[in-house]
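Please read the notes below with the structure open. They are meant for someone who has not looked at this model before.

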Amino acid sequence: MENEEVLESNETIGHPQYDLDKVYLFTEFPDKISGRCDNFNKAHFASSIKNGSYLRKCTNCGMTKRI
């Protein structure tokens, strides 16, 4: 019950709910504010290259986008 309340409060603040285990395509989900995480509005990322793709992972929440 507490988890549902937390989700509801996050939605009212304006934080969209993302599946943090999924790698999102930047072309399908571009940044709301360029160069910032959609969840935390921070610009702190860890980057890597995997299978010829550039991956950008937020160091706060772990949301990953393939650029």
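1. The model is predicted. The number of aromatic pairs comes to two. In one of these pairs, the ring centres of tyrosine 18 and tyrosine 24 are 5.6 Å apart and the planes stand at 80 degrees, so the pair is edge-to-face. In the other, tyrosine 24 and phenylalanine 29 have ring centres 4.9 Å apart, again with planes at 80 degrees, so this pair is edge-to-face as well. The cut-off behind both assignments is an angle over 60 degrees between the planes.

2. For tyrosine 24 the relative accessibility is 7%, and the residue counts as buried because the limit is under 20%. Phenylalanine 29 has a relative accessibility of 31%, so this residue counts as partly exposed.

3. Strand 3, residues 53-58, pairs with strand 4 in the antiparallel sense, and three bridges join them. Within this part of the sheet, arginine 56 has lysine 65 of strand 4 as its bridge partner. Arginine 56 also lies over the face of phenylalanine 45, at 4.1 Å from the ring centre.

4. Arginine 66 deserves a separate look. It belongs to strand 4, which covers residues 64-66. Is arginine 66 buried, exposed or partly exposed? Its relative accessible area is 36%, which means that arginine 66 is partly exposed, since that class lies between the 20% and 50% limits.

5. What does arginine 66 touch, once its neighbours within four places in sequence are left aside? Its contacts are Val23, Tyr24, Leu25, Phe26, Ser53, Tyr54 and Leu55. Serine 53 is 13 residues away from arginine 66 along the chain, and their C-alpha atoms are separated by 6.5 Å.

How values were computed:
Residues numbered from 1 in each chain as written. Predicted model: local features only at pLDDT ≥ 70, side-chain atom pairs only at ≥ 80, totals over all residues. Heavy atoms only, no water. Helix = DSSP H or I, 4+ residues; strand = E, 2+ residues; numbered from the N terminus. Buried < 20%, exposed > 50% of the residue type's maximum accessible area, 1.4 Å probe, protein only. Contact = heavy atoms within 4.5 Å. Phe/Tyr/Trp six-rings, centres within 6.5 Å; stacked < 30°, edge-to-face > 60°. Lys NZ or Arg CZ within 6 Å of the ring centre and 35° of its normal. Pairing = 2+ DSSP bridges.
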